[in-house]
Amino acid sequence: MYIPNYFKVTNRDEIWDFVQKNAFGTIVTTEQGRPIATHVPLGLNKQGDDYYITGHMAYGNPQWRTFETCEDVLVMFQGPHAYISSSWYSHENVPTWNYQAIHLYGKATILTRDELIEELTGMLEKYEHNRENPVLWDKLSSELVENQLQGIVGFKIKVEEVQAAYKLSQNRNETDYTTIIESLQNEGNPNSKQIAEQMEKRVKNHQ
């Protein structure tokens, strides 16, 4: 991913937090030179000093079979994004787009049955524990569990390279930066408001 120095993020704690909060990612591999992708909910796990992306996909999805032959698996996570009008600047310029995106590269391996159950248990706990009637792994019938396990393949990807870009108008002067935040807040668009919030957060973190 091309990342100008203005927009490069290197703080690993910040990156892992982003991955946790934007956990619906895209897995990209290649098969005979052709890129293929799957969009799936993903988990982040730490083992010792290493970080792993975990998840599962349908057994009928042929992509998991490429894991053994693909040296580098790309995992992409995207946050909010918003159009930035150059009419918000104090000088003539062209429009652009603000966004947050993280690319992780690593080697993928298939999970064992026990590892897959652990991954599924953790995912249900993450998304169900605050619900009024949580659907947790240990509450599911053994028949349903067995049927579901036969239809999916679990995987983990050891993170070996991290690329993170937060394009949040860091290259603009203070006046324009403030105007962009105010303009985004008035857009009435959820993505625009989220980008404005991230820009405000960046200012507070650098004060």
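## Two terms to start

Two strands pair if DSSP finds at least two bridges between them. Strands are DSSP runs of E with at least two residues, helices are runs of H or I with at least four residues, and both are numbered from the N terminus. Strand 1 and strand 2 pair in the antiparallel sense, over eight bridges.

## The model and its chain

This is a predicted model, in which local features need pLDDT of at least 70, side-chain atom pairs count only at pLDDT 80 or more, and totals for chains, interfaces and linings use all residues. Residues are numbered from 1 along each chain as its sequence is written, and side-chain values use heavy atoms, with hydrogens and water left out.

The chain holds five helices and seven strands. Read from the N terminus, the order of elements is α-β-β-β-β-β-β-α-α-β-α-α. The C-alpha trace spans about 65 × 45 × 30 Å along its principal axes. Of the 207 residues in the chain, 43% are buried. Here, buried means under 20% relative accessible area, exposed means over 50%, and partly exposed lies in between (1.4 Å probe, protein chains only).

## Two hairpins

Return to strand 1 (24–31) and strand 2 (34–41). Gly25 stands opposite Val40 in strand 2. The hairpin of these strands has two residues between them. Gln32 sits in this loop. Its phi is positive, near 55 degrees, in a residue other than glycine. Is Gln32 buried or exposed? Gln32 counts as exposed because its relative accessibility is 85%.

Strand 3 (residues 43–47) pairs with strand 4 in the antiparallel sense, over five bridges. Lys46 stands opposite Tyr51 in strand 4. This hairpin also has two residues between its strands. Here Gly48 takes the positive phi, near 65 degrees.

## A buried loop residue

Ser169 lies in the loop between strand 7 (152–167) and helix 4 (174–185). Phi of Ser169 is positive, near 65 degrees, and the residue is not glycine. Is Ser169 buried or exposed? With a relative accessible area of 4%, Ser169 is buried.

## Contacts across the sequence

Ile152 belongs to strand 7. Ile152 counts as buried because its relative accessibility is 17%.

Lys21 is in helix 1 (residues 12–21). Lys21 is exposed, at a relative accessible area of 62%.

## A negative surface patch

Which residues form the negative surface patch? They are Glu71, Asp72, Glu160 and Glu161. Patch residues have over 30% relative accessible area and no salt bridge; like charges are joined within 9 Å, and nonpolar side chains (Val, Leu, Ile, Met, Phe, Trp, Tyr) within 5 Å. A salt bridge is a side-chain nitrogen of Lys or Arg within 4 Å of a carboxyl oxygen of Asp or Glu. Asp and Glu count as negative.

Glu71 is in the loop between strand 4 (50–58) and strand 5 (73–84). Glu71 counts as exposed because its relative accessibility is 68%.

Technical notes. Accessible areas come from the Shrake-Rupley method with a 1.4 Å probe; for residues, only the protein chains shown count as cover. The place of a charge is taken as NZ of Lys, CZ of Arg, CG of Asp or CD of Glu.
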